Amino acid sequence: MPRWGMVIDLDKCFACQSCTAACRMENNTPVAGKNQADMGRAILWNEVLPFIEGEYPNIHTTMLPRPCMHCDNPPCVKVCPVQATYKNEEGIVLVNYDRCIGCRMCTVACPYAVRYFNWYPPEWPEELKAHLNPEPEVQPRPKGVVEKCTFCFQRLRKAREEADAEGRPFNATDYTPACVQTCTGHARYFGDLDDPNSLVSKLAHSPRAFRMFEELGTQPKVYYLKQG
Amino acid sequence: MNIGGLVHAYFDNAGPGGVFVLLVVGVACTTYYLLARWFVAGGRTESQAVPSTDEQPVSMDE
Amino acid sequence: MENFPSQTPPSELSRRDFIKFGAAAAIAGVGLNALQPAQQATSVQAAVGEETIVKTTCALCPSGCGLDVRVVNGKAVKVEGNPLHPLNQGVCCLRGQTSLEVLYSPERIQRPRVQMGERGSGDWKEISWDEALELAAGKLGELRAAGKPHSVALMHGELRGQMRQTVQRFMRAYGSPNVISRESLGEGAARMALWLSQGVNALPVYDINNANYVLTFGGNLLESSRNLIGYLGATAFMRRGRPQRGKLVAVHPRLSLTGIKADEWVPIRPGTYGALALGMANVIINSKLYDEAFVRDFTFGFEDFEDAEGTLHKGFKSLVLETYTLERVSAITGVSTDKIARIAGEFATNRPAVAMLPTEAGELSSGNALYTALAVHALNALVGSIDVKGGVLLQRFPKLADWPDYTLDATARLGESRERIDGAGSQFPLALSAYQNVPERILEGKPYPIEALFLLNANPLYDLPNGGRTLEALQKVPFVVSFASTLDESAAYADLILPASTFLEVWGDDYLEGTGYAGISLRQPAVAPLHDTRNPGDVLLDLAHRIGGNLAKAFPWETYQDLIMQRLSTLDWEKLQANGNWSELVYFNAQPGSPAWSEVVGRDRLNAPKDGRFDFFSRELFALLASDSDLACLPHFEIPPALADTAEGALDYPFLLVVQPLITQSQQWQGIVPTLQESYGLQGHVKWDSWVEISQKAAEALHLEDGQRVWVESPLDRVQATVRVYAGIWPNAVFLPPGQGHHTFVRWGRKSEQNMVVGANPNVLSLFTSEPLSGLAVAGPTRVRIYPV
Amino acid sequence: MEPKNQNVQQILAPVRRVSAGDYLLWGVLLALLLTGLGAWTWQFIEGLGITGMNRPVYWGVYITNFVFFIGLAHSGTFISAILRIAGQSWRAPLTRAAEAITLFSLPFGAGSIIIDMGHPERILNVIFYGRYQSPILWDVTAVSLYMLSSIIFFYFSLIPDIAICRDRLTDAPRWQRRMYQILALGWKHHPEQYRRLEKVLDGMAVFMTMLVVTVHTVVSWLFGMTVQPGWHTALIGPFFLLGAILSGTAAVVITLAILRKVYHLENVLHVGLFNSLRKLLITFVLGWLYMMIAEHLTIGYSSMTEEMVVLNDKFSGTFSLIFWSMATFVFGLPLLIFLFKGKNNIGWMVFACVLINIGMWLERYIVIIPTEVSPRMLHVMGQGHYLPQLPEILITIACFAGLILLYAVFTRFFPIVPIWETAQELPGHAHSQPAPAAAASD
């Protein structure tokens, strides 16, 4: 059973936000509009978070693309009263939108702020609905439930189906989330962390590797490689 | 028997939590019903439906 | 992999391409499927419906990346990068990702329309294409018959592939010299610098893949450069794809994304890039760190020299050594002397090193663009980075089928000889076009009145409002036709709109630019046109046929697709369709002095010898100006008048406005792209709006707080924005994001207002004028003041 | 044979008639309650977007209300259960008034959670798919048991008085008499019944005391179990608990003063009771202050980055105004009033208690919101902000209105001072309460 993980090389990431856009187009997150965006309610599963510290002219910056960390010890799963959010056997943390009661305990509990609540029903100008991804997993979520990055698990299903259709064994490299595929600096790597020969497990043990808030013991499966 | 495993399963799975809530509330309801019957019945008949003791009649660790 | 080397001698295969393709295939895991185009191109019956992948080429920025559009049940539902495209190698930026929001935009104009009431009244009537084309062709035919074809002008923005020549050919055959490109606002400076020094009329291509030291002037390398995706990939490769990590240094008044992701950010006073480049040259020359052999054998005007008449002329060396001392340059630029010296030293000793010119509007618009560009490009010659690995490359173009011959009739010949309306070639002897000068000349009626104006991918009312002068000019033209896809600022004042289809609905092509080697990328419709819109190429063909005569003969094709197919008939069409592109994949660096060298240095000189020498002292300029002053032929620095503290209004308007294009800005689309708006201001956390970045010092002095609404006012106009106190900005500068300020009638998202304006257009603050020689746009540095709303 | 109580007429007086003023009050309160209900319907249809909540402030006024009302509910249990165990017999006249607060604020506490849910119609998922690792499940267990037990505890002690109503209020409307008939469970005032009832109530008091501690601790763990700065502390349980008891006791003072005035119960609810409560309140305020200092000093001394952001925000940042008003309202002014003005002065006592309750609501707010505004991940991006919107305000008002409405209606149908518990002589017992005045004398 693979244990999916991601590595993001901050030296090759240029904070272009292509991952943010690719994620939205792949996963059908709605258009927030000015009013809602100003309230911080824009849903972008894969945001780039700017950390800018220091004073002119000596400024320290970190641009952190932040997908869901898919923690091995996810704080969100623990607090969900109805197990609407859960970690599947391949380590992907998912939300069951039909079961979620919208209590938002998970959004509060997640230290990475990756979880988004649907304050309103999802909205698009009518014409724009044409480009929504038709995959069943990413149908627009109703109001009142929490949603988040899924490592594009619909692509995992499709990759498996494709491998089956072609009569070959499924290979971990068949499966690529949208953000990884689109990354302009080729800064993202994705694969099976349990496979010692995979690129991600090698990079995850690079001397440059670190994880967000490692001290919280959440065991994220998204690794970063330090810039510079 | 792996008790630790059971405890773990209890905490980690959907479902048993609800059963526990129902159980607690149910036991409480029953207890209160029996108590009510018992003290209302006081003096009317001498037949004791519930043992009248000086001990604490309510479970304290539900 | 094997088939790539097999096409060319292995020794010639550039390392970069080899490794990059390896990387594209293996690393990102985009790999295995992606390298099987045959399998992808076939349609598969998926759970969700009929699914196909269409390979096409993006047109939303000048990069021209290959795209794989996933089409399900006739609807485009996802865009990925084409892994077989040498430029983007499977990746796709956020503009490409959101191109579906462009395709399905509710703002699109759905069929031709004609203005019934007064211009700008919004009293539109939708008409059929036949009526619309008849109207336009009628007007064109009428003017031509009246012997005034030159009174028709066409202003255009970025045109890709065959469209450039199609437009040129159309106007030439029609009889008007007035094809005015928007280039003078942006990349024109780089092009002119290359022509005047290196002698080639081309935009520079920088080989970041192989460079050890990249010094970028301007903040747009990693954010909005012309070859953005290529440069992003190359920078990533320079850092982590090879054993030695190269260094990237960004010189810009603002800590842009480029500055943030660079290894070093050099804050500099706005408008003084040229001085810094010359100061660096001073250090390099003084310390004898320049490439002496190259400078001696393949450049001109480094040392002082005597011309044929025996007059002594100053060379670059003595100019730089005398005038651009470290102390002086430091005083001008605000960069400390030791930093200038260090960067110059690093630049000269970590070869191949390359100094990059900005190509975006707003970067070199301080009135000294030409000489700034010359100064920066001179650095490349100093370290011998001309057409070497890791240096400045020259874009090669593929050999395509010839355009069919036709003869110009008398009307057309007469028209061709007329002076251009924008003054390029006359008022501005060096200019190819002077976009920003058109409104002024229309108003002056010089050299002749304009009777009809076509706007193709151009929105002059937005680009250069000039306090209402442009609108006045537009109103003065009796007949204005716009090819706009959305009702942009200029289209609102047009008589007739011939709505263009988006790039996802049309046939077209694109030259592979930014890689160096020659290539073609094919654009094919991913979906059938959603609305009753047409490809402007088809419209021009139709107009040509309707006008008839010579014009019809010049365009013997039925459709623009036929035109493309004929032009590309030298290539294997089947393969082109399957892969979406064709390219040589190899860049052959010219050996200095070799026959190939004459292609990279001096090729396009008109009045100067094609002797394979890079001109520090521009002989082209010398011949043209016949000037007494050597300075006019040498890279030098002129302090923009607005910079001087004694400048008019310096006290009233204490801040210098910096406008630098963002990656989230949709350059080729005048409408709203919601996802771009939702990720617009990364550093400022501002979405769907404009913000003004001010320094901590300025905020304290003005008692402004982060998040406050303020007016930013120039002598010309004022705009409202939200204050962002930003550590990464030159203390005396303020930054406004460009690309905002468009009007939208669509309700975007819940509780949004209808008929709102998204942000503010910073262009309204600047007065656009032109540099005397080059016709390049001057827009500042604009002085502004800030006060609370 | 009824218990002998000299004040029985006085106590029953409010129950005998419903005045026009009452109808007016009820009407106004009902209107407010219905407005809140309307706001909730609006929210249910539109989505939680109409509130001021956002990202990162996912929880707002609703959760504040939840904590506050659950806290308020601790009044009754504390007064009647804990003081019963402690043998504080002076509490007898005010037990029911206090317990009624418990009873009527609990639904609004529990309801606030449901109002806060994105999908309230899926509430039963908690039973079907309950996952016991979630603090919300602990809350569900504890609060529902607490609610049930409070009702029962309240009802049990009400039965003899209902029987008195049944027997005495013969001129009441038919339905009202029938109601007394049924609810009295055929109470005969038999001495054995009283003996057994006392026994049951004593036993339940112990159980209730445990529940009080459990419930409010569990409520606090909703926050404490997350790793967010400002919440993740072991002290949060006791801190919440003490705050709850403080606000509950203060609420009792307010209620008693109103009842005393409006229903002319000066003889039964004499000043001495207020003096006793004053001493308790002084203790609680000081205890609360101790917790406050312990909590903030521990955090402040560490200078851990994320924690300090929240702390500074409270002390001198965006929330400093709320924080320091909270400190003034809960601690500063009340303590001064209690010490120097409160003795034998009901007006000052009520004023102080109103301050305490406003302060405690603010305290709940200031625990919840600043942490959310500066979460670990996002505080560098500029703070979040939160301003309650109309629906939240309407619903909050409705909660308070509902609490008062239930209380007001209740007092018109049932004796708000326990007749049998304050009786001089119970049937069969020679037992009699000491004269209240003597017991409560300072």
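This is a predicted model: local features need pLDDT of at least 70, side-chain atom pairs count only at pLDDT 80 or more; totals for chains, interfaces and linings use all residues.
Residues are numbered from 1 along each chain as its sequence is written, chains are lettered from A and ligands numbered from 1 in the order in which they are written, and side-chain values use heavy atoms, with hydrogens and water left out.

Look next at where Thr782(C) sits: the loop between strand S33 (777-778) and strand S34 (783-788) of chain C. Helices (H or I, at least four residues) and strands (E, at least two) are DSSP runs, numbered from the N terminus. Is Thr782(C) buried or exposed? Thr782(C) counts as buried because its relative accessibility is 7%; buried means under 20% relative accessible area, exposed over 50%, and partly exposed in between (1.4 Å probe, protein chains only). A polar atom of the Thr782(C) side chain lies 2.7 Å from the backbone oxygen of Ala779(C).

Now to chain A and helix H1 (residues 18-27). There, 10 of the 10 residues are buried, so the helix is largely enclosed by the rest of the structure. Among these buried residues are Arg24(A) and Glu26(A), along with Cys19(A) and Cys23(A). Just after H1(A), Asn28(A) takes a positive phi of about 60°.

Aromatic rings come next. A pair of aromatic rings is described by the distance of the centres and the angle of the planes. Rings of Phe, Tyr and Trp (its six-membered ring) pair if their centres lie within 6.5 Å; planes under 30 degrees apart count as stacked, over 60 as edge-to-face and the rest as tilted. Over all chains, the structure holds 62 aromatic pairs. In chain A, the rings of Tyr112(A) and Phe213(A) have centres 5.5 Å apart and planes at 25°, so this pair is stacked. The two residues are 101 residues apart, with Tyr112(A) in the loop between helix H4 (105-109) and strand S6 (116-117), and Phe213(A) in the loop between strand S9 (209-210) and strand S10 (222-225). Both Tyr112(A) and Phe213(A) are buried.

How do Tyr213(C) and Phe347(C) meet, and at what angle are their planes? Their ring centres are 6.2 Å apart and the planes stand at 75°, so the pair is edge-to-face. It links strand S10 (residues 213-217) to helix H16 (residues 337-349) of chain C, 134 residues apart. Tyr213(C) is buried, with a relative accessible area of 1%, and Phe347(C) is buried at 0%. In chain D, Phe104(D), Phe154(D), Tyr180(D), Tyr407(D), Phe410(D) and Phe414(D) form one aromatic cluster.

Finally, turn to where chain D meets chain A, a contact that takes 42 residues from chain D and 46 residues from chain A. About 3800 Å² is buried between them, with carbon and sulfur atoms giving 61%; buried area is the accessible area (1.4 Å probe) that two parts lose on being put together, summed over both. On the chain D side, Arg55(D), Tyr58(D) and Met377(D) lose the most area to chain A, together 21% of what that side buries. The count of salt bridges between the two chains is 2, where a salt bridge is a side-chain nitrogen of Lys or Arg within 4 Å of a carboxyl oxygen of Asp or Glu. Arg55(D) meets Glu47(A) in a salt bridge (3.1 Å, N to O).

Terms used: Contact means heavy atoms within 4.5 Å. A polar contact is a pair of N or O atoms within 3.5 Å; within protein, one must be able to donate a hydrogen and the other to accept it, and residues adjacent in sequence count only if both atoms are side-chain atoms.
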